Amino acid sequence: MALYAELHRHLGGSVVPRVLWRYFQRHSEEMVSRFDDYPAFEEFYTKPRNTLDEYLELHTLVESVQTVETLPYFIYRLLRGAYIFENLAYLELRYTPYLRTPEHLSQSERIDKMAEIVDVVGNASQIPEYPIVTSQILCMHSRLPYEVNKAIIDLASQSKKFVCAIDVAGGDRYYAERLDEWIKLYEYALSLGVNTTGHLYETTDGSYPELLPFLKRIGHGIQIPLRHPQLLPDLARRGQCLEVCPTTYMKTGTLDDIRQLKIVFDKCFEAGVDIAICTDNAGLHNVRLPFEYENLLTYDIISFQQLQACQDAAFKHAFASPYHQRPASLLSGIINPQPGKVMA
Ligand SMILES: [Zn+2]
């Protein structure tokens, strides 16, 4: 059995429509009353949006129900699905902890509550019957003030048991207004020994070469091979990996045709830049990781051999994996004992 590593999945977008609908049926008649039936809800929840902004707006629907009380409910179902249907051995889950704290509190009270959220997510992720190695990536957010984003880095640095990295999310065209701040924040994270990724070069508005040197991995980054291939040798030299999430670009209107990703994979393979294939928002898309793999093969975007290279890359670039290789290579010695060795 092949086991997979998932490096880019948002907690908010990880709830599959049926689980969210069932939650509303149990806890929110008001939400249920907005839709005729389940298919109408699923259609609303998973339909493509015109822009990244519209798409991100949908996250707020899930964020509003993911509180300190309900997070264990959603995380249990997330890991159960990931283990049973996706063969995940390793999962990095990302979210902005500040956005899971009660809105009526003051900024400093909300900052103080973030550590509790990290603990709740961390403890809820350890489920003996669904043993997946999990870790958290804490997302800074393009709409949050500097103090909150800095506190997110501090929390990542103090919570290494549960947190493996920081990220920036919330729409890549908003970074430009405060670029100096983002550079300062990333420098600060690296000075504390915190791993870094960031949503960059996702859309044509997200090109910030100034930020690239601070990242160990790049969230999406597809516009680099598509529009700025001259940057690829630098990425290869720094050993940076792209976290490519194929279905996202169709849901956000970033690409018109998934086959445009062939250029992304071809150029990265040519330049020696690793790619990890990820889901981004498996629930919101209703597309699980093995289907992302299969889609890329179906559309002749990559070969089986390239798929396996990407699956290897996911383990290699995993921030919290103790092995950095696929579990298959650890298991092969057990399945195929050395020739000449007599089995008892
Ligand atoms: Zn993302």
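I began with leucine 93, which stands opposite glutamine 136 in S3. Strands here are DSSP runs of E with at least two residues, helices are runs of H or I with at least four, and both are numbered from the N terminus. Residues are counted from 1 along each chain as its sequence is written. I kept in mind that this is a predicted model: local features need pLDDT of at least 70, side-chain atom pairs count only at pLDDT 80 or more, and totals for chains, interfaces and linings use all residues.

Next I looked up the pairing of S2 (residues 88-95) with S3 (residues 133-141), and found it parallel, over six bridges. Two strands pair if DSSP finds at least two bridges between them.

Then I widened the view: five strands make an open sheet, ordered S1-S2-S3-S4-S5, with parallel pairing. S1 (4-10) and S5 (195-196) are at the edges with a single partner strand each, so one side of each has no neighbour in the sheet.

I turned to helices H6 (residues 71-86) and H7 (residues 107-124), whose axes come within 9 Å and cross at roughly 35°. Axes are lines fitted to C-alpha atoms, for helices over the stretch in contact, with angles from 0 to 180 degrees between N-to-C directions. Which residues in H6 meet H7? Leu71, Pro72, Ile75 and Tyr76 meet Val120, Val121 and Ala124 in H7, contact being C-beta atoms, placed from the backbone, within 7 Å.

Last, I checked the record: UniProt, in an unreviewed entry, places "domain: Adenosine deaminase" at residues 5-325. Its positions use the numbering used here, feature names are shortened, and annotations may be inferred rather than shown by experiment.

Terms used:
Two residues are in contact if their C-beta atoms, placed from the backbone, lie within 7 Å.
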